[in-house]
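Subject: Structure handover and notes

Hello,

Here is the structure I said I would pass on. Please open it next to this message, and my notes follow below.

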Amino acid sequence: MIDFRSDTVTQPTDEMRAAMAQAAVGDDVYGDDPTVNALEAFACNKLGFAAGLFTSSGTQANLLALMSHCQRGDEYLCGQQAHNYKYEAGGAAVLGSIQPQPIDNEADGSLDLAKVAAAIKADDFHFARTRLLSLENTIGGKVLSLDYQQQAAALCQEKGLKLHLDGARAFNAAVALGVDIKDITRHYHSVSICLSKGLGAPVGSLLMGDRDFIDRARRLRKMLGGAMRQAGIIAAAAHIALDTMPSRLQEDHDHAGQLAQGLGEIGALKVTATPTNILYAQCQLGREQELKQYLLERGILISAGKPIRLVTHLGISGDDVARLLKAVADFYRCH
């Protein structure tokens with residue numbers, strides 16, 4: 001089965017599986033799992049932070065970041081399409097008593113910084129205290145420019161806000177921009193990095209920041225039930241993902257570009273490409289469910305949204321892209 005639904009469906013490599021089987025482990029709650037400690041130290045060096053925390057998921061990492069930066073009754077600013085606002089079950093509000101203040105995303109995925117500045121609440125006891133701006137990069141496959149991120153950091157410094165990056169696919173952004181990941185992360189007080197999407201680990205995300213911030217996040221992770229014991233088994237695969245997999249992401253971007261070009265030649269589809277591994281195809285005749293079933297019968301999985309989101313990843317080859325293109329063309333030719 002060829003799966004274009006998401007890069008979350010990636011399978012661990014043989015190297016990862018072997019490392020998991022052989023991992024040296026301890027009790028991470030006591031801080032003595034050597035494989036977890038090695039992963040966090042490696043991440044600090046690679047991403048340019050003083051401290052890091054291995055978490056079970058990106059949702060958990062983002063929630064820990066919001067709760068570590070903000071207190072009950074505080075507010076964070078984010079995009080209407082931000083994952084930590086729209087797709088994380090309202091955790092910041094429910095578990096952290098933190099008020100989100102969403103702002104419409106611009107066409108390129110960014111937030112208009114003039115609108116961000118206008119949304120910051122005055123120092124008045126009638127209002128929630130605005131403490132944090134949260135950005136996402138990539139967002140919907142779109143990449144925030146380095147210049148924009150620098151401007152956002154300058155605004156936060158001017159206004160006394162912390163700046164968090166939901167960097168679930170930050171390595172995709174770095175590859176698309178042709179820069180080192182530190183050229184992105186240096187603008188932020190905290191960053192979450194997903195290891196189980198394009199990087200291919202079976203489980204896990206990282207939260208990065210300064211030592212005091214990570215100390216707060218570690219305590220909150222325990223409170224939220226996220227403290228793990230012999231977590232080195234999964235950290236071993238995560239370490240390989242962080243070390244070796246960013247260098248292959250351009251292949252995913254190239255496959256997405258080939259797919260976008262091919263689908264764009266099918267008149268019944270309106271295709272929107274991005275610079276990374278995600279693209280969108282709008283069925284102009286509204287036949288998403290029919291197309292999904294047709295492809296399923298031919299061993300291809302897609303999500304039948306409006307538009308359809310297609311994601312390339314390490315489990316997708318050039319031959320798989322060609323197979324999808326042929327099947328979609330056949331569907332519209334025969335139906």
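In which loop is K197 found? The answer is the loop between β7 (190–194) and β8 (205–209). Before going further, please keep in mind that this is a predicted model.

**The annotated lysine**

The record, which is unreviewed, places the feature "modified residue: N6-(pyridoxal phosphate)lysine" at K197. In the model, K197 has a relative accessible area of 15%, so it counts as buried, the limit being under 20%. Setting aside neighbours within four places in sequence, K197 is in contact with D7, T8, T10, A168 and R169.

UniProt annotates residues 3–280 as "domain: Aromatic amino acid beta-eliminating lyase/threonine aldolase". In the model, this span is 43% helix and 17% strand, and its end C-alpha atoms lie 15 Å apart.

**The sheet**

Strands of a sheet pair through backbone hydrogen bonds, in either the parallel or the antiparallel sense. Here seven strands make an open sheet with mixed pairing, and their order is β2-β8-β7-β6-β5-β3-β4. At the edges stand β2 (51–55) and β4 (99–103); each has a single partner strand, so one side of each has no neighbour in the sheet. From one strand to the next, the twist averages 20°.

Some of the pairs can be followed residue by residue. Strand β3 (residues 74–79) and strand β5 (residues 129–136) run parallel and are joined by four bridges. In this pair, L77 stands opposite L133 in β5. Helix α3 (residues 58–69) packs on the sheet, where it touches β2, β3, β5, β6 (162–166), β7 and β8. The direction of α3 makes about 25° with that of β8.

Strand β7 has a parallel partner and an antiparallel one. With β6 it pairs in the parallel sense over three bridges, and L165 stands opposite V191 in β7. With β8 the pairing is antiparallel, over four bridges, and I193 stands opposite L206 in β8.

Is β7 mostly covered or mostly open? It is mostly covered, with five of its five residues buried. In a regular strand, side chains alternate between the two faces of the sheet. In β7, S190, S192 and C194 point one way, while V191 and I193 point the other way, and all are buried.

I214 is found in helix α10 (residues 211–223). Its relative accessibility is 2%, so I214 counts as buried. I214 and L53 are 161 residues apart along the chain, but their C-alpha atoms are separated by 6.6 Å. Not counting residues up to four places away in sequence, I214 touches A51, G52, L53, L207, M208 and G209.

**The largest pocket**

The largest pocket has a volume of about 850 Å³. Its lining is made up of 34 residues, and those nearest its centre are Q81, Y87, G140, Y280 and R309. Three elements, α3, α4 (83–86) and β10 (278–283), each supply at least two residues of the lining. Which of them gives the largest share? That is α3, with three residues.

**Backbone details**

Two peptide bonds are cis. One joins N137 and T138, with omega about 5°; T138 is found in the loop between β5 and α7 (146–159). The other runs from K306 to P307, with omega near 10°, and P307 is in the loop between β11 (300–301) and β12 (308–311).

Positive phi values also turn up in residues other than glycine. A89 has a phi of about 60° and lies in the loop between α4 and α5 (91–96). With 76% relative accessibility, A89 counts as exposed. For S97, phi is near 55°, and this residue lies in the loop between α5 and β4. S97 is partly exposed, at a relative accessible area of 26%.

Regards

Note on methods
Residues are numbered from 1 along each chain as its sequence is written. This is a predicted model: local features need pLDDT of at least 70, side-chain atom pairs count only at pLDDT 80 or more; totals for chains, interfaces and linings use all residues. Side-chain values use heavy atoms; hydrogens and water are left out. UniProt positions are given in the numbering used here, feature names are shortened, and annotations may be inferred rather than shown by experiment. Buried means under 20% relative accessible area, exposed over 50%, partly exposed in between (1.4 Å probe, protein chains only). Contact means heavy atoms within 4.5 Å. Two strands pair if DSSP finds at least two bridges between them. Axes are lines fitted to C-alpha atoms, for helices over the stretch in contact, and angles run from 0 to 180 degrees between N-to-C directions. On a 1 Å grid over the protein atoms alone, a cavity is a set of points where a 1.4 Å probe fits but cannot get out, and a pocket is an open set with protein on both sides within 12 Å along at least five of seven lines; lining residues have an atom within 4 Å of a point. Grid points are joined across faces, edges and corners, and a volume is the space filled by probe spheres set on the points.
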